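This report describes how one protein model is packed inside. Please keep the sequence and the structure in view while reading.

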Amino acid sequence: MNWQHLIYFQSLAKTQNYAQASKELYISPSTLSKAISSLEEELGFPLFLKSGRNSVLSEYGKEFQGYVDQSIECIEKGIQNIHTKMNQIFGPLNICGIYVLCSDYLPPIVKDFLEQYPGVNITLEHQISVNVLERVLAGKSDLGFCADFNFQDKKFAGLEYVHIKQDDLILITSLDHPLASETAVSLEQLKDEDFILNGNPNTRNRIDFLNLCREYDFTPKITFEPADDQSIIGMVYAGLGISCMANIPSVHWGNLHVLKILEEHVPVQSYYMIWRRDAHLSLAAKTFKDYVLSSLDSK
């Protein structure tokens with residue numbers, strides 16, 4: 001059955017006048033007449049009866065009009081719904097990031113993004129930088145958020161990246177630690193302190209801090225080496241030692257004391273959003289990437 005013929009029938013059924021209906025449909029009266037005759041022939045019953053210059057619906061036409069109106073309304077609604085879905089952003093989005101970004105930087109961005117795109121299902125995984133890089137390269141994560149890495153390393157040649165923020169390195173102690181009365185200290189003042197550092201040798205915080213210590217001929221006394229930064233914060237809070245971390249908002253929430261390092265060459269930790277250069281990003285991933293980039297432009 002010709003869809004256009006049903007549209008012609010609906011218009012003629014409303015006006016019951018060939019001249020008026022053909023004008024509204026932008027076709028000639030003869031084209032409309034042929035279409036209705038073809039539809040009647042296909043259906044096997046008359047739709048209209050001649051009444052002077054007008055054409056009135058037959059008994060069958062009146063009943064058929066109800067079905068046509070319902071069908072056209074249903075189809076048009078379906079088309080509208082599908083177009084709406086096409087314009088919506090939905091589906092899974094896998095993001096991985098290091099602790100300092102998963103704890104402070106990403107949560108408010110994810111919250112605001114989901115308010116605009118509630119159909120996106122975001123998975124946020126906490127990894128160290130080297131794992132973030134590997135997961136994105138392997139296609140296990142759509143986007144990654146990591147610290148500095150060797151941009152010249154050939155194994156990372158397939159990555160695109162953009163700098164998103166940077167933090168100074170600082171020291172943290174418990175509130176009742178003797179150093180809690182200070183605002184800044186030198187490495188020399190820390191020779192008798194117990195340090196709590198991430199046990200993974202590839203962790204950026206650990207690498208930067210130990211490089212700083214070597215530059216100033218300082219050897220930290222490392223007492224504990226937990227596997228994640230959250231454990232480090234908990235152990236520092238319990239008074240088991242001090243640690244060196246990036247200066248992120250969560251270390252200022254009142255449970256820890258923050259100290260600046262007085263040495264001149266304290267490294268700055270930079271962070272990046274990364275994605276595979278040759279990967280086809282899903283619409284959800286591309287929209288989130290663009291959302292992060294737009295937030296950088298607004299700062």
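At what angle do α5 and helix α9 (residues 283-297) pack?

## Two packed helices

In this predicted model, α5 and α9 pack at an angle of about 120°, and their axes are 11 Å apart. Axes here are lines fitted to C-alpha atoms, for helices over the stretch in contact, with angles from 0 to 180 degrees between N-to-C directions. The angle makes α5 oblique to α9 (under 35 degrees counts as roughly parallel, over 145 as roughly antiparallel, 65 to 115 as roughly perpendicular and the rest as oblique).

The contact (heavy atoms within 4.5 Å) involves residues of α5 including Tyr-105, Ile-109 and Phe-113, and residues of α9 including Phe-288, Tyr-291 and Val-292.

## Nonpolar cores

A nonpolar core is a set of buried Ala, Val, Leu, Ile, Met, Phe, Trp, Tyr and Cys residues joined through side-chain atoms within 4.5 Å; buried means under 20% relative accessible area, with a 1.4 Å probe and protein chains only. The largest such core has 52 residues, and Tyr-105 and Phe-288 are among those with the most contacts inside it. Helix α5 (residues 99-116) gives the most to this core, with nine residues. Apart from it lies another core of 19 residues, including Leu-12 and Ile-72.

## Confidence and conventions

The mean pLDDT (the predictor's confidence in each residue, from 0 to 100) is 91, and 98% of residues reach 70 or more.

Residues are numbered from 1 along each chain as its sequence is written, and side-chain values use heavy atoms, leaving out hydrogens and water. Local features need pLDDT of at least 70 and side-chain atom pairs count only at 80 or more, whereas totals for chains, interfaces and linings use all residues.

Definitions and conventions. Buried means under 20% relative accessible area, exposed over 50%, partly exposed in between (1.4 Å probe, protein chains only). Helices (H or I, at least four residues) and strands (E, at least two) are DSSP runs, numbered from the N terminus.
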